[in-house]
Amino acid sequence: MTGPVRCRIVDMQDGCFAVMALLASGKAFCRKALATLAEAEEAVECLRDVMAACGAPVVVEDSARGDAQDGYRIGQAAGGEGTGRF
């Protein structure tokens, strides 16, 4: 079994959302330009399905602000570049 994948949904400055994921190896992935929170949550579920097939659990970080819907969403990000897509 591989280590867990940590992920979160981030509000971007342009009004869209991004899903950021960090593998146990330290490699980061980002899926940007998701128009709605529902679309971002769907991307997290897709990530869960893919990683389950690899034996890696996905840990979704909770909101630090307490305004999360379903515990996924956290504050705004600066919009840094990810190294891949999922």
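Modeller: Let us begin with accessibility: a residue is called buried under 20% relative accessible area, exposed over 50%, and partly exposed in between, with a 1.4 Å probe and protein chains only. By that scale R8 is partly exposed, with a relative accessible area of 32%. This is a predicted model, in which local features need pLDDT of at least 70 and side-chain atom pairs count only at pLDDT 80 or more, whereas totals for chains, interfaces and linings use all residues. Residues are numbered from 1 along each chain as its sequence is written, and side-chain values use heavy atoms, with hydrogens and water left out.

Colleague: How many residues of strand β1 are buried?

Modeller: Strands (E, at least two residues) and helices (H or I, at least four) are DSSP runs, numbered from the N terminus. In β1, residues 5–12, six of the eight residues are buried, so the strand is largely enclosed by the rest of the structure.

Colleague: In which sense does β1 pair with β4, and in which with β2?

Modeller: Two strands pair if DSSP finds at least two bridges between them. β1 and β4 (residues 58–60) are parallel over three bridges, with C7 opposite V60, while six bridges join β1 to β2 (residues 17–22) in the antiparallel sense, where R6 stands opposite L22.

Colleague: Which residues have the most contacts inside the largest nonpolar core?

Modeller: A nonpolar core is a set of buried Ala, Val, Leu, Ile, Met, Phe, Trp, Tyr and Cys residues joined through side-chain atoms within 4.5 Å. The largest one has 16 residues, and V5, C7, I9, V19, L47 and V58 have the most contacts inside it. Its largest share, six residues, comes from α1.

Colleague: Which residues are linked in a network of salt bridges?

Modeller: Side chains of opposite charge can pair when their charged atoms come close. The rule for a salt bridge asks for a side-chain nitrogen of Lys or Arg within 4 Å of a carboxyl oxygen of Asp or Glu, and by it the count comes to three. R6, R8 and E61 form the network: R6 meets E61 at 3.3 Å, N to O, and E61 meets R8 at 3.4 Å, N to O. E61 lies in the loop between β4 and β5 and R8 in strand β1, so this pair ties together parts that are 53 residues apart in sequence.

Colleague: What separates E45 and R48 in helix α1?

Modeller: E45 and R48 meet in a salt bridge at 3.5 Å, N to O, and, because they are three residues apart in helix α1, about one helical turn separates them.
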